[in-house]
Amino acid sequence: MTYDRKETVGENVLYCGNSLKVLPSLGEKFADHTITDPPYEDALHEAFVDDKFQRSDGGNAGKSLGFEGISAIRFPVMEMIANASRGWALMFNIAEGAGEWEKAIKAAGAKYDTWCFWRKPDGLPRMNGQGPARPGEGFSTAWCGKGFRSWNSGGKRGFYDHPVNPPDRQKVAGENGKLVAAHPTEKPLSLMREMILDFTQPGDVILDPFAGIFSTGVACIQTGRRFIGIELNPAYFEIGLRRMREAEAKVKDQPVLFNAPQKSRQTDFGFKEGE
């Protein structure tokens, strides 16, 4: 067996296991799109254990994220994503990793499109004062299918503006009993909904091979998409499974509320209207 556990929630399928083993077992082009948050570049993982690094998620500085960086597995992961996806593949990364993701995308035979930016308006400043804090991160976009790329938002800029610590961020009790973030890199639901509505269609199957606590999956349920998620960590899988079940129960009681592209708050970057 290529996975440790498999659960279904409505039309959504969740695997607890290593995506490098699970993905090849699922076949080719089984997903319409991939939207995923793989491990960060190794350099940022090292920053997390720097005692000068400040966490804005309630976690403790000076501690590892709990999983390895992406560098050693980026190319095989991208090859599997390209093999699995019929359309878009969106992979979160920091600016320093954008070039490496472009190389991996092209090596996998997919079409590199662009790098989009997610601004974090509530991100903490760099407390040691030795340089600017990171304003956010982004995601690389690739087309894995045939024909022309298409999305739902016309000429909209690839700029997304969502707080990293919204009220609905998942919390658990920390070592001292204080509530801390359930996952160190949880993506906000508002961001995931906007991306899903921009890049996919109702009824599409969305793959996330690094599902964490299943924010992408919850957003898929909320927007009328189907979801296939893979998560290695059993504790994160359990939290994500609970969230998926709660989201599925809610949509049974009321219509899907998020079924049209959401506009992010755009800054003008000095451009005049029409430029």
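Reader: Which residue stands opposite Ile 206 in β10?
Author: His 33 stands opposite Ile 206. This is a predicted model, where local features need pLDDT of at least 70, side-chain atom pairs count only at pLDDT 80 or more, and totals for chains, interfaces and linings use all residues. Residues are numbered from 1 along each chain as its sequence is written, and side-chain values use heavy atoms, without hydrogens and water.

Reader: In what sense do β3 and β10 pair?
Author: Parallel, over two bridges, between β3 (residues 33-36) and β10 (residues 205-208). Pairing takes at least two DSSP bridges between two strands. Strands (E, at least two residues) and helices (H or I, at least four) are DSSP runs, numbered from the N terminus.

Reader: What is the strand order in the sheet?
Author: β1-β2-β11-β10-β3-β4-β6-β5-β7, an open sheet of nine strands with mixed pairing. The edge strands, β1 (5-9) and β7 (159-161), each pair on one side only.

Reader: Switching to helix α4. Which of its residues are buried?
Author: Ala 98, Trp 101, Ala 104 and Ile 105, in a helix spanning residues 98-107. Buried means under 20% relative accessible area, exposed over 50%, and partly exposed in between (1.4 Å probe, protein chains only).

Reader: Why are they on the same side of α4?
Author: Because they cover an arc of only 120 degrees around the axis. The arc is taken from the directions from the helix axis to the C-beta atoms.

Reader: What do they pack against?
Author: α3, β4, β5 (111-119) and β6 (136-143). Contact means heavy atoms within 4.5 Å.

Reader: And which exposed residues does the face turned away carry?
Author: Lys 106 and Ala 107. Gly 109 follows α4, with a positive phi near 85 degrees.
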